[in-house]
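User: I'd like to learn how to read strand pairing and ring contacts in a model. Could you walk me through them?

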Amino acid sequence: MNRYFNMAVLVMSVSALIASCQKTPEFITTDVGPEMEIVECSESALMGDEIAFSVNLSDPIPLSTLKAQLYFDDELMSETVIRTKKDSLYEGIIDVPFVSRVGDGDATLVFISQNIQFGTTRDTVEVAVSRPDFEYLTLYVDGKDYKMEKVARNQYEYKGSFPSD
């Protein structure tokens, strides 16, 4: 019995010795991000619309992601993430939400590119965002259309009558 116990202790000691000699994997990071060039990005948009963009990325380290984030007064309102792998021109769209508490003004579109070693690059574009203000609205009811005329900014009215049902 004592012999088995000694053998078990010896096996565990050798296992611990072998495990402690294994090399710990090295976590490689960098402070240098990809080279990023914003090729195309609209500088004005309407709420409820989209902003199309194209960004050229290059890096000797394989790429990871490209993020486009839209901020109104330091509040993130919309985000798009594009998976990247190699040097290329990447195209995408980001939604411009229609938010009641946000008026006309400038928004900041932030582009963040990252490689697989967590190096990041940031660039920003100012975008003039405004609420749509149409000349008239058309209301469709049961196959009929009713033209609603503009009476004030973002206020419309129809002066006719609607069917009773």
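Analyst: Happy to. Let's begin with S1 and strand S3 (residues 50-58), which pair in the antiparallel sense over 6 bridges. Two strands pair if DSSP finds at least two bridges between them, and the strands themselves are DSSP runs of E with at least two residues, numbered from the N terminus. This is a predicted model, where local features need pLDDT of at least 70 and side-chain atom pairs count only at pLDDT 80 or more, while totals for chains, interfaces and linings use all residues. Residues are numbered from 1 along each chain as its sequence is written, and side-chain values use heavy atoms, leaving out hydrogens and water.

User: Which residue in S3 is the bridge partner of Ile 38?

Analyst: In general, strands of a sheet pair through backbone hydrogen bonds, either parallel or antiparallel. Here Ile 38 has Val 55 in S3 as its bridge partner, and Glu 35 stands opposite Ser 58 in S3. On S6, Val 55 has the bridge partner Tyr 90. S3 and S6 pair in the antiparallel sense over 8 bridges.

User: What is the order of the strands in the open sheet?

Analyst: The order is S1-S3-S6, an open sheet of 3 strands with antiparallel pairing. Strand S1 (35-41) and strand S6 (88-95) stand at the edges with a single partner strand each, so one side of each is left without a neighbour in the sheet.

User: Now the rings. How many aromatic pairs does a search of the whole structure find?

Analyst: The search finds 2 aromatic pairs. Rings of Phe, Tyr and Trp (its six-membered ring) pair if their centres lie within 6.5 Å; planes under 30 degrees apart count as stacked, over 60 as edge-to-face and the rest as tilted. One of the pairs is Phe 53 with Phe 111, edge-to-face at 5.2 Å centre to centre and 65 degrees between the planes. This pair links distant parts of the chain, with Phe 53 in strand S3 and Phe 111 in strand S7 (residues 105-115), 58 residues apart. Both Phe 53 and Phe 111 are buried; buried means under 20% relative accessible area, exposed over 50%, and partly exposed in between (1.4 Å probe, protein chains only).

User: And how is the pair of Tyr 146 and Tyr 158 arranged?

Analyst: Tyr 146 and Tyr 158 are edge-to-face, 5.3 Å centre to centre with 75 degrees between the planes. Tyr 146 is buried, with a relative accessible area of 7%, whereas Tyr 158 is partly exposed at 28%.

How values were computed: Helices (H or I, at least four residues) and strands (E, at least two) are DSSP runs, numbered from the N terminus.
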